[in-house]
Amino acid sequence: MDYSGGGVEMAKLLLDKVKDEALILKLRTSYNLITEDINHTQTVVSLDDLDENVVTDIVNLASGNKEMMLFETTDGWVNLNIYEINYLESYLDQVYLHDINQQTYTLKTPLYQLEERLSKHDFVRISISFICNIKYIRYIKTLLNQKLELTMMSGDKLIVTRSYLKNFKHTLML
């Protein structure tokens with residue numbers, strides 16, 4: 001893996017096609033990045049014109065920076081990279097964890113306990129039922145009645161309710 005370019009405007013990521021195959025697939029699917037094979041063993045991923053937070057996440061993934069956290073599921077335990085968690089949802093006494101790979105896990109831990117565990121990692125409570133990773137917000141739309149609609153990188157839409165709006169804006173420094 002080699003990083004070249006001066007910044008976000010001209011950044012390119014050089015990856016080994018065999019060793020980094022899973023990462024290349026993730027960059028194509030989760031971030032809709034275009035990759036270019038430069039020879040039989042290497043692929044270049046252009047990071048041009050991307051949000052700084054997205055580039056930071058990609059570099060963390062590419063460099064192997066993983067902060068793993070164990071979550072108790074209905075089937076046992078799952079060890080997940082917190083940088084790959086998109087959002088958490090509570091619905092009918094169940095808590096669902098949605099990751100950037102479009103996987104969903106049913107967790108046994110209550111949402112308020114997950115909020116405490118994840119709050120120092122760019123996660124914010126946006127309603128009584130949702131916690132989202134602010135690094136995966138693509139677009140914020142203002143709605144009536146002091147609510148916001150978040151469009152996540154995955155295309156999912158989440159609502160920031162009035163009760164959580166002030167904390168959300170403070171977290172995003174808006």
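Leaving aside its neighbours within four places in sequence, which residues is threonine 109 in contact with? They are Glu72, Val95 and Leu114. Keep in mind throughout that this is a predicted model.

## Around threonine 109

Threonine 109 belongs to the loop that runs between β9 (104-107) and α3 (111-118). Despite sitting in a loop, threonine 109 is buried, because its relative accessible area of 12% falls under the 20% cut-off.

Glutamine 94 is 15 residues away from threonine 109 along the chain, and their C-alpha atoms are separated by 8.9 Å.

## The chain as a whole

The chain has four helices and 14 strands. It has 174 residues, and 40% of them are buried. The accessible surface comes to about 10300 Å², with carbon and sulfur atoms holding 49% of that.

As for how the sequence folds back on itself, take the contacts between residues at least 6 apart in sequence: 43% of them join residues at least 24 apart.

In soluble globular proteins, nonpolar side chains tend to be buried together. Here, the largest nonpolar core has 17 residues, and the members that touch the most others are Ile126, Cys132, Leu150, Leu158 and Phe168. At least two residues of this core come from each of β11 (130-133), β13 (147-152), β14 (157-160) and α4 (162-172). The top contributor is β13, which gives three.

Setting aside neighbours within four places in sequence, isoleucine 126 is in contact with Cys132, Leu150, Leu158, Ile159, Val160, Thr161, Tyr164 and Phe168. Another core lies apart from this one; it has 15 residues, including Met69, Ile85, Leu111 and Leu114. Leu114 has turned up already, as one of the contacts of threonine 109.

## Rings and a charge

The charged end of arginine 117 sits over the ring of phenylalanine 71, at 5.0 Å from the ring centre.

## Positive phi without glycine

Leucine 92 is not a glycine, yet its phi is positive, at about 50 degrees. Leucine 92 is placed in the loop between β7 and β8 (94-99). Is leucine 92 buried or exposed? Its relative accessibility is 66%, so leucine 92 counts as exposed, the cut-off being over 50%.

Aspartate 122 is not a glycine either, and it has a positive phi of about 70 degrees. Aspartate 122 is in the loop between α3 and β10 (123-125). With a relative accessibility of 32%, aspartate 122 counts as partly exposed, because that value lies between the 20% and 50% cut-offs.

Definitions and conventions:
Residues numbered from 1 in each chain as written. Predicted model: local features only at pLDDT ≥ 70, side-chain atom pairs only at ≥ 80, totals over all residues. Heavy atoms only, no water. Core = buried A, V, L, I, M, F, W, Y, C linked by side-chain atoms within 4.5 Å. Buried < 20%, exposed > 50% of the residue type's maximum accessible area, 1.4 Å probe, protein only. Contact = heavy atoms within 4.5 Å. Areas by Shrake-Rupley, 256 points an atom, 1.4 Å probe, with all protein chains shown as cover. Lys NZ or Arg CZ within 6 Å of the ring centre and 35° of its normal.
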